Amino acid sequence: MIIGRQRDVTAEAASVMERTSDPRLREIMVSLIKHLHGFVRDVRLTEVEFREATAILVELGRQSTDTHNEVVLMAGSLGVSSLVCLLNNGDQGNTETAQSLLGPFWRLNSPQVENGGSIVRSETPGAALFVNGRVVDSTGSPIAGAEVDIWHASPIGLYENQDPEQADMNLRGKFTTGTDGRFWFRSVMMVGYPIPTEGVVGRLLKAQSRHPYRPAHLHALIFKPGFKVLISQVYDPADPHIDSDVQFGVTKALIGDFVRHDAPHPSATNAGAPWFSLDYIYKMEAGEAVLPRPPIK
C-alpha cells in the first residue's frame, strides 16, 4: 500500500502483523499495533516527544547491568509487573493469590541451608526474625520436597549485591520442605527501602512527585515439579508505606503477621529482645515448573 493518510499507516501495519505465522505472536502484534497507534493518536505525540521516548528506551537498556535491572524497575513502577502477575494467577485474576512480582534482585544458586539454620552470612545488626513457612497445594495439602529460595533486604534497606559491606549471598538461602510442607529459618528483621532513583525511574518519580519507597517484605521463590513456580513477597503491615508501595505490589493476601516479642526467645538465647516471628502459608497452583530468567547475576 502507498500511504495516503495517517489512518492508512495503522491499517497497513495491522495487515502485515496478520501474516505472522505463530498464532500467539500474531495475536500480540496485532493488538500491539492497535493500542500503540491508538496511544499515539490519543495523546497526539509530537515528533520531539517521540525522539525523547526512544532515547529513554535506549537509556533503560544502558542502565541495566549484571547487578541492576532498570527495565524491571520501570515495569514495576508503572504497575505492569503487578498487573501481569494478578492476571495470570488466582484463577486468572478472580481469586486471591500468594503470587507477586519477582523484583529486580533475585539471583540463582542461593546457598542451601538446613531447616532451622540462619541466612545471615556477615555482621548484620538488627532484631532477630524467625520465619515458619508452610507450602501447600490448592486443597491445603502439604507439599513435600519443594525448594524454597528466600531473600530480603538488610535492616538498612540494601540487598547484598548493592552493599559492599555485606558478604556475598547474605540474607539469601534455599530450603527444602519436609513431609509436612514446612520450612523454617532465622534471619534479621528487614525494613522498607527506596528503590534506586539514579536512573530513568527516578526521574519519572520526581516528575510525578512520588516517593520511591517499598514497604518491608520477605521474598520467596518456590519450585516443585508439577506446580507453577510460586514467586511471593510477604509484607509487614506496620511499615509506613504499606498502602503506597511505589511498585504497586501489596495485596491483601500478601500481608503477613510479623509479631514483635519483647520477652526473651524460648530457645535462641542469643536472639536478644525485641525479636520478631512470622508464620505464613504459601499456596501453590498446579502447572508447569519453569524458573524465570534471573534479572541479575
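Reader: Which side chain does a polar contact join to that of E160?

Author: The side chain of R172 is the partner, and the polar contact between the two side chains is 2.7 Å. A polar contact here is a pair of N or O atoms within 3.5 Å; within protein, one must be able to donate a hydrogen and the other to accept it, and residues adjacent in sequence count only if both atoms are side-chain atoms.

Before we go on, please keep in mind that this is a predicted model, where local features need pLDDT of at least 70 and side-chain atom pairs count only at pLDDT 80 or more, while totals for chains, interfaces and linings use all residues. Residues are numbered from 1 along each chain as its sequence is written, and side-chain values use heavy atoms, with hydrogens and water left out.

Now to the place of E160: look in the loop between β2 and β3. Helices (H or I, at least four residues) and strands (E, at least two) are DSSP runs, numbered from the N terminus. E160 has a relative accessible area of 6%, so it is buried. Buried means under 20% relative accessible area, exposed over 50%, and partly exposed in between (1.4 Å probe, protein chains only).

The loop between β2 (147-151) and β3 (172-176) also holds Y159. Its ring forms a stacked aromatic pair with F105, at 4.4 Å centre to centre and 20° between the planes. For such pairs, rings of Phe, Tyr and Trp (its six-membered ring) must have centres within 6.5 Å; planes under 30 degrees apart count as stacked, over 60 as edge-to-face and the rest as tilted. F105 sits in the loop between α6 (90-93) and β1 (128-136), so to speak a distant part of the chain, 54 residues from Y159. Both F105 and Y159 are buried.

By the ring rule, the count comes to 8 aromatic pairs. Another one joins Y280 and Y282: the ring centres are 4.8 Å apart and the planes are at 70°, so this pair is edge-to-face. Y280 and Y282 are both buried. These two also belong to a cluster that ring pairs build together with F175, F183 and F185.

To place this part in the whole, the chain has 7 helices and 10 strands. Of its 297 residues, 42% are buried.
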